[in-house]
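Hello,

Here is the structure for you to look at. My notes on it come below.

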Amino acid sequence: MFELSEELTMVRDAARDFAERELKPRATKHDRQEHLDAEVLAKIAELGFWGLTVPEQYGGAGMGNLALSTVLEELNRGCAATGVTVSVHNSLLCAPILKWGSEEQKQRFLPKLASGEWIGAYCLTEPNSGSDAAALVTKAERDGDHYVLNGTKIWVTSGSMAGLALVYVRTNPDPKLPKAKGISAFLVETSTPGCRVGKKELKCGIRGSPATELVFENCRVPAANMLGALDKGFPIAMDTLDGGRIGIAAQSVGIAQACLEEAIAYAKVRVQFGKPIGHFQAIQHKIADMQVRIDAARMLVQKAAWLRDRGEPCGRQAAEAKLFASQAANFCADECLQIHGGAGYTDHFIAERLFRDARITEIYEGATDIQRLVIARAVMA
Ligand code: CAA
């Protein structure tokens with residue numbers, strides 16, 4: 001039986017307490033105003049969650065992916081828009097800098113990320129390259145000791161609030177090369193001239209987390225900001241997403257747990273046919289099916305995070321966790337709303353927001369069928 005260590009239990013309890021007191025009461029406000037409260041961002045800094053996985057020497061808490069996924073489950077239980085912001089920041093920005101950054105880059109970028117002075121963003125997707133990520137066309141051309149970036153990235157989580165973005169660009173446009181070759185990764189300060197926030201999307205759910213375009217127009221980025229080697233950026237993007245997918249799987253568990261709790265609370269007080277609806281087997285079976293999926297999803301998340309912390313390949317396990325947990329979140333959100341009946345379809349209860357928030361987990365950081373592709377390629381190789 002898996003048990004959290006004493007240290008992880010303390011971190012989980014701190015995240016749970018924060019989510020209960022600060023996030024849950026604000027989640028609907030975040031949804032309506034389409035951004036997170038500044039007090040929430042500051043409190044995350046105080047708790048050390050921006051730098052949870054950053055080593056202490058760069059200002060972080062020096063914890064791993066198991067700690068991150070444990071914290072993310074709790075934050076997402078309170079507010080999924082807050083949860084994804086912390087997930088992307090840690091797993092899609094801090095993690096690749098730690099893994100591939102030079103010592104100079106780590107010292108220059110990690111302390112500001114760990115303190116929350118900068119929120120991190122990840123720029124891979126473009127209008128014509130979503131699931132086919134390697135088809136990206138944003139380009140960077142060398143000019144002296146700089147690269148000049150031109151192109152548009154879309155669906156950038158935290159796009160309008162990010163201080164630093166990891167941007168994937170084509171540095172070798174030779175059409176004879178396989179499309180995954182000739183891509184490089186750059187750390188771009190969003191205050192750099194030529195980098196601007198474009199269109200902000202009006203989304204179905206997680207509305208408190210702004211998703212925007214980031215547009216690069218003759219944006220001059222120091223060559224020293226290249227992460228990893230020239231033309232070797234695509235494997236960095238893919239490996240980074242292995243970690244990110246564990247974060248989204250943890251988010252899914254958190255949303256699913258919130259759905260279960262809301263469903264139980266309602267089933268205990270809603271009286272029909274002379275008794276609380278929770279007394280009927282039809283409702284009990286739904287609750288049982290939700291609980292089993294949450295337990296199984298949490299175990300898949302923990303296994304993938306544990307493997308990643310050991311430095312072992314975890315692409316398949318991360319994909320399994322994301323595939324199963326995101327489907328569990330959507331199942332639980334659907335059942336939660338159904339148990340609430342007509343009231344669940346209104347803003348009288350948070351069931352409708354949870355239903356909208358859950359939907360994205362099957363799409364971003366690799367859609368459900370991309371996770372199936374990753375799993376099938378691994379087991380059939
Ligand atoms: N780790 C390291 N390297 C990897 C890897 C991994 N997990 N997966 C692939 N690679 C390497 C391969 O080894 C290969 O390198 P070599 O040629 O040197 O061997 C190279 O990357 C190309 O790999 P593939 O041939 O598998 O590439 P592909 O074009 O077939 O694509 C894919 C594979 C799995 C479909 C990939 O494109 C993919 O994951 N697509 C989904 C993209 C995605 O998740 N986007 C989300 C963006 S972020 C977001 O959602 C917004 C946000 O802000 C949250």
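What follows covers the ligand site and then one histidine.

This is a predicted model, so local features need pLDDT of at least 70 and side-chain atom pairs count only at pLDDT 80 or more, while totals for chains, interfaces and linings use all residues. Residues are numbered from 1 along each chain as its sequence is written, and side-chain values use heavy atoms, with hydrogens and water left out.

The ligand is surrounded by 24 residues (a heavy atom within 4 Å), and S131, D242, R245, E365 and R377 are the closest. At least two shell residues come from each of β3 (146-157), α7 (233-269) and α11 (368-380); α7 gives the most, seven. Helices (H or I, at least four residues) and strands (E, at least two) are DSSP runs, numbered from the N terminus.

A nitrogen atom of the ligand lies 2.8 Å from a backbone N or O atom of S131. Oxygen atoms of the ligand lie 3.0 Å from a polar side-chain atom of T157 and 2.9 Å from one of K181. The protein buries 71% of the 1100 Å² that the ligand exposes when taken alone (Shrake-Rupley method, 1.4 Å probe).

H30 is in helix α2 (residues 27-33). H30 counts as buried because its relative accessibility is 0% (buried means under 20%, with a 1.4 Å probe and protein chains only). A polar atom of the H30 side chain lies 3.1 Å from the backbone nitrogen of D37. Leaving out residues up to four places away in sequence, H30 touches H35, L36, D37, V40, C79, T82, R207 and G208 (heavy atoms within 4.5 Å).

Regards

Technical notes: Buried means under 20% relative accessible area, exposed over 50%, partly exposed in between (1.4 Å probe, protein chains only). A polar contact is a pair of N or O atoms within 3.5 Å; within protein, one must be able to donate a hydrogen and the other to accept it, and residues adjacent in sequence count only if both atoms are side-chain atoms.
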